[in-house]
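Dear colleague,

Please find below the structure that I am passing on to you, followed by an account of what was found in it. I would be grateful if you could read the account with the structure open beside it.

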Amino acid sequence: MSAAATRRLTTAQALVRFLAAQYTERDGVRHRLIAGTWGIFGHGNVAGLGQALVEYRKAMPYHQGRNEQAMVHAAVGHARHLNRLSAQAVTTSIGPGATNLVTGAALATINRLPVLLLPGDYFASHAADPLLQQLEHPVEADVSVNDALRPVSRYFDRITRPEALLTSALNAVRVLSDPAETGAVTLALPQDVQAQAYDWPEEFFADRVWRVRRPAPDPAELAEAVRAIRAAARPLIVAGGGVHHSEAEPALQALVDATGIPVASTQAGKGALRHDHPADLGGIGHTGTAVSDALARTADLVIGVGTRYSDFTTASGTLFQHPGVRFLNLNITAFDAHKLAAATLVCDARSGLAALTDALAGHRVDAAYETEYRTGRARWEEAVEGAFRADDDSAVPTQTQVLGALDTVVGDEDVVINAAGSLPGDLHKLWRARSPRQYHLEYGYSCMGYEIPAALGVQQAAPDTPVWALVGDGTYLMNPTEIVTAVQENLPVKLVLVQNHGYASIGGLSESVGAERFGTDYRHRVADGSFTGAPLPVDLAANAASLGMDVLRAKTVRELREALATARAATRPTCVYVETAPPGTALPAEAWWDVPVAEVSAREAATQARAAYEHAVADRRRHL
């Protein structure tokens, strides 16, 4: 009997070869699982993974990043746009390069989005100890800064021997391709092990297909769900990101068309129904629409589909106020399905929605209920038109008028990306999502600095699609560096840079909770220590231009529309810079959000805010 065939490679070379041969498949469609690798090289990975990526550069595309956190954001944007069927890897050196991954990893795991992290690590042999950038622990010699990635990773391993990769690589890919358990996956790679050679079995490098499951609902759970829906007089569907991940939008529409049940959407779920569908009520919760939140308060059955029920969605437990309200949660993850003491339907979103549609044949909500929510929709659409409308084209636009101008320019295929600040609230309330992938809001972690790198990842996933990153001045100042990568790779992302001289969203929140907008403006410091002087002489448009973008400055509504149209047609990275006029947002919140206020204070603003807080928190319910 002959010995099994082997190939002698370094650990890093073997890992790159292995990753290049992994695929996902769902509904007969195959995708490359790891579509490319982002990297910034240092002494912790340059001689290992760096050399391997050079050796196999035809098999594994490489993208040069400028900031480690931003590389993770780009990979997450890529994975989300491709419905988690394809992901990217990120490699860094040890030390600050590795710890810079933590925020991106948390974002990925919270949003249930796959990304593979490959940070360098100390010498497994401890031959050079301590080495540059190594954290020394006096009683735990096997601890490194990479251990900070454990709580924000869905799978973590440190590869201290080459052969350990055989098991860990398969486990890593299992988690990356799992529709219920996915998130950030970390393989920490000691420098010496990366460069060590080993005789790898040839089977390790064979093409491997990971089939993404569509588990069907349990018959007993399905029967219970059908009984609950048939018994409900005022059912409401809350569509979350799981609808998109499952590509269940047609199945959701089929259920809604058959039953007349209206749909409100979370930030991640917006676009599950097209905005002009008669049953689409728009966003729900603290940043939701008036019609969605009004129906949520009177719904007797809330049907969550692919949602994890964040505090924004539930208005911190104050939104669902019907005395007998019950919950039915369709989710591929049992952890989320059981929230709010719900009846559960643990299954794939598309499979579950299709099964509900078949089982509910002939059932439809009362005609008066349909008339009620359609009338509410029409009233809200008038509010949207009012917020978008600019009566004077020569005036400085408000922030909502910026969105109105963009609304007139984008096509159905465009993607609009945002994550933090005051824009998410306006977008959730007002944006008219024309397609399932158009509305791309990262609101699980609401991470400032996400938008620009995520736009790169989306642009890589959809090269011919106009991709817009909507960024406020606060977010821009945190992470503009990937503009250089967009220029380097000729990714024609469109950046809408909104200047409002400070943290508009947190400034408003600060005022409402008695903190008096302290430390939220970008202004000169004055004598009393506050920042209420003149705006700083900072030119963000010039900064974007210095990083290689084409920049269009718009001072009026008319100039803004023209600049946006020019940017959409551009074939290289282009920035539209606009300074907005107050108010920062035109429409108030329709539901509460719990931000605890100082219980005692000598300042009147805080005392008044506490009284308002106690009034609002009295409406909180524990759904049991």
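By class, the residues that line the largest cavity comprise 14 nonpolar, 18 polar and 9 charged. Please bear in mind throughout that this is a predicted model.

**Cavities**

In total, 7 cavities of 30 Å³ or more were counted. The largest of them holds about 580 Å³ of space. Its lining is made up of 41 residues, and those nearest the centre are Gly 240, Gly 241, Gly 242, Ala 268 and Gly 306. Which elements each supply at least two residues of this lining? They are the helices α9 (241–245) and α12 (311–314), together with the strand β16 (326–331). Helix α9 is the leading contributor to the lining of the largest cavity, with 4 residues.

The second largest cavity has a volume of about 160 Å³. A set of 15 residues lines this second cavity, with His 275, Asp 280, Gly 282, Trp 380 and Glu 381 lying nearest its centre. Two or more lining residues come from each of β14 (280–283), α15 (367–388) and α17 (423–430). Helix α15 gives the most to this lining, namely 4 residues. By class, the lining of the second largest cavity divides into 6 nonpolar, 3 polar and 6 charged residues.

**Helix packing around α16**

Helix α16 (residues 399–409) packs against helix α23 (residues 557–569) at an angle of about 45°, and the two axes are 9 Å apart. Because of this angle, α16 counts as oblique to α23. The two helices cross in a right-handed sense. On the α16 side, the contact is made by Gln 401, Val 402, Ala 405, Leu 406, Thr 408 and Val 409, while α23 contributes Val 557, Leu 560, Arg 561, Leu 564, Ala 565 and Arg 568. Sorted by class, this contact has 8 nonpolar, 2 polar and 2 charged residues.

The axes of α16 and α17 come within 10 Å and cross at roughly 50°.

**Packing of α1 with α6**

Helix α1 (residues 11–19) and helix α6 (residues 164–176) pack at an angle of about 35°, with 11 Å between their axes. The crossing of α1 and α6 is right-handed. Thr 11, Leu 15, Phe 18 and Leu 19 of α1 make the contact with Leu 165, Ala 169, Leu 170 and Val 173 of α6. How many residues of this contact are charged? The contact of α1 with α6 contains no charged residues, and the remainder are 7 nonpolar and 1 polar.

**Backbone features between β7 and β8**

Two backbone features deserve a separate check. Most residues other than glycine have a negative phi, and most peptide bonds are trans. The peptide bond that joins Asp 129 and Pro 130 is cis, with omega at about 0°. Pro 130 is placed in the loop between β7 (115–121) and β8 (155–158). His 126 lies in the loop between β7 and β8 as well. The phi of His 126 is near 60°, a positive value in a residue other than glycine.

Yours sincerely,
A colleague

Definitions and conventions. Residues numbered from 1 in each chain as written. Predicted model: local features only at pLDDT ≥ 70, side-chain atom pairs only at ≥ 80, totals over all residues. Heavy atoms only, no water. 1 Å grid on protein atoms, 1.4 Å probe; cavity = no way out; pocket = protein on both sides within 12 Å on 5 of 7 lines; lining within 4 Å. Points joined across faces, edges and corners; volume = space filled by probe spheres on them. Nonpolar A, V, L, I, M, F, W, Y, C, P; charged D, E, K, R; others polar. Axes fitted to C-alpha atoms, helices over the stretch in contact; angles between N-to-C directions. Parallel < 35°, antiparallel > 145°, perpendicular 65-115°, else oblique. Left-handed = near helix turned anticlockwise from the far one by under 90°. Contact = heavy atoms within 4.5 Å.
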